[in-house]
Amino acid sequence: MVDETAVAAAAFRALMASHPGGVAVITTADEQGVPYGFTCTALCSVSLDPPRLLVCAAHGGRTLPVLTGRGAFVVNLLHTAGRDAAQVFTSRTADRFGEVSWRPGPATGLPVLPDDAHAVAECRVAALHPCGDHTIVVGDVLRSDVRTTAPAPLLYGRRRFAAWPSGA
């Protein structure tokens, strides 16, 4: 007998793998200042007034409980030179922040990845919505910074990294 749930999950995974998206590293820190983070392609804008975005965080990850406890996070939108950071934050490396350059953001004091991100949004948690094996984290954007001179945005789709196409 075929497990229809497993077939649906495999088909869904293949569907989403075929959809390219921008790559971000979501960062936060615990009350002692220990930084946490994960690579994310599940993010989007929610509202212009007030400025809000959402990210999806896995229930099984170490970052979600820290993010919810802190009530704030940073979205680091990666450029092509930030591919190594994307891979570090998907790995089981114990000291992820020892592998990348980072500094505290001016609005939240949370980790910003200045060498790997072409745009950054510092956010305060506005809402949490558990959904399946993830939580949708809605954030009020407190501060944003976009570097137009950075390398092209990093994309991920079909299980590989790529650069935003040049030209129009």
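Visitor: Leaving aside neighbours within four places in sequence, what is Thr-28 in contact with?
Guide: This is a predicted model. In it, Thr-28 is in contact with Val-34, Pro-35, Tyr-36, Thr-63, Val-66, Leu-67, Arg-70, Ala-72, Phe-73, Leu-110 and Pro-111. Neighbours within four places in sequence are left out of that list.

Visitor: Which strand does Thr-28 lie in?
Guide: Strand E2, residues 24–29.

Visitor: Is Thr-28 buried or exposed?
Guide: Buried. Its relative accessibility is 0%, and the cut-off for buried is under 20%.

Visitor: What lies 2.8 Å from a polar atom of the Thr-28 side chain?
Guide: The backbone oxygen of Ala-72. Ala-72 is also one of the residues in the contact list of Thr-28.

Visitor: New topic. Where is Asp-140 found?
Guide: In strand E10, which covers residues 134–146.

Visitor: Buried or exposed, that Asp-140?
Guide: Asp-140 has a relative accessible area of 14%, so it counts as buried.

Visitor: What does its side chain make a polar contact with? I mean Asp-140.
Guide: The side chain of Arg-52, at 2.5 Å.

Visitor: Which residues is Asp-140 in contact with, leaving aside neighbours within four places in sequence?
Guide: Pro-50, Pro-51 and Arg-52 are among them. Glu-122, Cys-123, Arg-124 and Ala-126 are on the list too.

Visitor: Pro-50, then. What is the peptide bond from Asp-49 to Pro-50, cis or trans?
Guide: Cis. Omega is near 5 degrees.

Visitor: And where is the place of Pro-50?
Guide: In the loop between strand E4 (43–47) and strand E5 (52–58). Arg-52, the polar partner of Asp-140, falls within the 52–58 range of E5.

Visitor: What do E11 and E12 form?
Guide: A hairpin, with two residues between them. Strand E11 covers 154–157 and strand E12 covers 160–163.

Visitor: What is the phi of Arg-158 in the turn?
Guide: Positive, about 50 degrees. Arg-158 is not a glycine.

Visitor: And Arg-159, what phi does it have?
Guide: Arg-159 has a positive phi as well, about 65 degrees, and is not a glycine. Arg-159 is found in the loop between E11 and E12.

Visitor: Are Arg-158 and Arg-159 buried or exposed?
Guide: Exposed. Arg-158 has 61% relative accessibility. Arg-159 has a relative accessible area of 53%. The cut-off for exposed is over 50%.

Visitor: Last topic, aromatics. How many aromatic pairs does the structure hold?
Guide: Three. One of them joins Phe-97 and Trp-102.

Visitor: What is the geometry of Phe-97 and Trp-102, stacked or edge-to-face?
Guide: Edge-to-face. The rings are 5.6 Å centre to centre, with 75 degrees between the planes.

Visitor: How about accessibility: is Phe-97 buried or exposed?
Guide: Phe-97 is buried, with a relative accessible area of 7%. Trp-102 is partly exposed, with a relative accessible area of 34%.

Visitor: Which residues do ring pairs link into a cluster?
Guide: Phe-89, Phe-97 and Trp-102.

Technical notes. Residues numbered from 1 in each chain as written. Predicted model: local features only at pLDDT ≥ 70, side-chain atom pairs only at ≥ 80, totals over all residues. Heavy atoms only, no water. Helix = DSSP H or I, 4+ residues; strand = E, 2+ residues; numbered from the N terminus. Buried < 20%, exposed > 50% of the residue type's maximum accessible area, 1.4 Å probe, protein only. Polar contact = N/O pair within 3.5 Å; in protein donor to acceptor, adjacent residues only side chain to side chain. Contact = heavy atoms within 4.5 Å. Pairing = 2+ DSSP bridges. Phe/Tyr/Trp six-rings, centres within 6.5 Å; stacked < 30°, edge-to-face > 60°.
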